[in-house]
Amino acid sequence: MKLYLITLTLTLLALYAYTKRYQRYASVQDAIDAPIDYESDKYKESETWFAGTGRS
């Protein structure tokens with residue numbers, strides 16, 4: 001029974017250390033851009049530029 005508890009404790013410690021070490025690689029660091037406000041003056045000024053960039 002004592003060997004079982006030692007093995008279980010060592011396994012839990014190893015799992016904890018593994019998750020703490022590789023947690024930074026699993027986290028997402030992307031930033032979310034704000035949605036485009038189509039009613040703003042900045043978008044309306046750029047609308048003619050966007051219209052000329054399409055392929056015909």
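What share of the 56 residues in the protein chain is buried? Buried residues make up 0%. Buried means under 20% relative accessible area, exposed over 50%, and partly exposed in between (1.4 Å probe, protein chains only).

## Model and fold

This is a predicted model, in which local features need pLDDT of at least 70 and side-chain atom pairs count only at pLDDT 80 or more, while totals for chains, interfaces and linings use all residues. Residues are numbered from 1 along each chain as its sequence is written, and side-chain values use heavy atoms, without hydrogens and water.

The protein chain has two helices and zero strands. Both terms refer to DSSP runs (helices H or I, at least four residues; strands E, at least two), numbered from the N terminus.

## Surface

The protein chain has an accessible surface of about 6100 Å². Carbon and sulfur atoms hold 60% of that surface. Areas come from the Shrake-Rupley method with a 1.4 Å probe; for residues, only the protein chains shown count as cover.

L12 sits in helix α1, residues 2-26. L12 counts as exposed because its relative accessible area is 52%.

## Aromatic pair

The whole structure holds one aromatic pair. The ring centres of Y18 and Y22 lie 5.0 Å apart and the planes meet at 50°, so the pair is tilted. Rings of Phe, Tyr and Trp (its six-membered ring) pair with centres within 6.5 Å; planes under 30 degrees apart are stacked, over 60 edge-to-face, the rest tilted.

Both residues belong to helix α1, four residues apart, about one turn of the helix. Y18 is exposed at 51% relative accessibility. Y22 is partly exposed at 38%.
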